[in-house]
Amino acid sequence: MSSVLSVILPIFALILAGYLCRRFELLGAHAASEINRMVVWLCLPALLFEAMATVVWTDIWQPGFILSYAIATLGLFACVLLWVVLRGGTLADASVKGLSATYANTGYMGIPLCLLVFGDAGMEPALIASLIIICVLFALAVICIEIGLQNEPSIWSAAAKVSLAIVKNPVVIAPVLGGLWAATSQPLPAAAHQFLKLLSAATGPCALISLGLFLAHKHQGVPERGTSLVLLKLFAHPALTWVLAAYVFHLPAMWTKAAILLSALPTGTGPFMLAEFYRRDGAQVSSTILLSTLGSLVTLTFCLYFIGH
């Protein structure tokens, strides 16, 4: 429990910092949106570009692990998205909810926990999971939202608008450009790399502070608590990953345990970033992040106990 607390408490502290800054009016009413826009347009693209431009492909080429984690994550995302749409929800809102049920906090929780449990060997699965979550799942959610927001009568004009919006979206383009840079096998210039690292490091803290600012606002009515999304994230996601890793792809013990641990992580700030950026309802998303992070104190402790035996 103490090891989990040491990772989770700083996350709550950053959310609380944002909450207090708004409650005491140290930051204005539009601070949450403005900080979030900075994250989406500057910090997150820098993180995505750097991650793809500096990755060593031979280190992360683990087909069984990639398939186990990707199928569980993208499959659950698709199921939630389909369920919400069939119940009358819009594709944009369904995409945000699907992301809330699958977007694991691999960066700020997964990497330190994997290093703590597996030593240096834990860095590889944590990095692979982070790339799947941030570069694949997040980009897919952005594409689905852009499609859902189009009202064009013609499928061709809608496709053209979606394509243009995707090309202009830094969250989608940044990892593509990073991958193209990696294909050249050239290291990033030192000054450019340092610039990207400084922006990348601000992504998580700024997103968490923005979340705290949002929570400090008084919302009308009683928002949905997102309990079903929390249950899917903390139980269904790791269960699916466990079945695929252990019984379908027969991964080695360390990789199976790492896959379970990384999928049992709570919801990260990605869904909130998109909900705020695209002006979707952020109340349920913020609640899901908080409740899943709090609930992960129990589920991650259980996972760590399971991994140790």
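A disulfide is a pair of cysteine sulfur atoms within 2.5 Å. By that criterion, a search of the whole structure, which is a predicted model, finds zero disulfides.

**Cysteines**

Cys79 takes part in no disulfide, and the cysteine sulfur nearest to its own, that of Cys144, lies 13 Å away. Cys144, at 13%, counts as buried, because buried means under 20% relative accessible area. The values are set out below.

| Cysteine | Relative accessibility | Class |
|---|---|---|
| Cys144 | 13% | buried |

**Helices H5 and H14**

How do the axes of helix H5 and helix H14 cross? Helix H5 spans residues 91-100 and helix H14 spans residues 270-277; their axes come within 8 Å and cross at roughly 160°. H5 is therefore roughly antiparallel to H14, since angles over 145 degrees count as such. The crossing of the two helices is left-handed.

On the H5 side, the contact is made by Val96, Leu99 and Ser100, and on the H14 side by Gly270, Pro271, Leu274 and Ala275. Of the residues in this contact of H5 with H14, five are nonpolar, two are polar and none is charged.

Notes
Residues are numbered from 1 along each chain as its sequence is written. This is a predicted model: local features need pLDDT of at least 70, side-chain atom pairs count only at pLDDT 80 or more; totals for chains, interfaces and linings use all residues. Side-chain values use heavy atoms; hydrogens and water are left out. Buried means under 20% relative accessible area, exposed over 50%, partly exposed in between (1.4 Å probe, protein chains only). Axes are lines fitted to C-alpha atoms, for helices over the stretch in contact, and angles run from 0 to 180 degrees between N-to-C directions. Helices (H or I, at least four residues) and strands (E, at least two) are DSSP runs, numbered from the N terminus. Angles under 35 degrees count as roughly parallel, over 145 as roughly antiparallel, 65 to 115 as roughly perpendicular and the rest as oblique. A crossing is left-handed if the near helix is turned anticlockwise from the far one by less than a right angle, and right-handed if clockwise. Contact means heavy atoms within 4.5 Å. Ala, Val, Leu, Ile, Met, Phe, Trp, Tyr, Cys and Pro count as nonpolar, Asp, Glu, Lys and Arg as charged, and the others, Gly among them, as polar.
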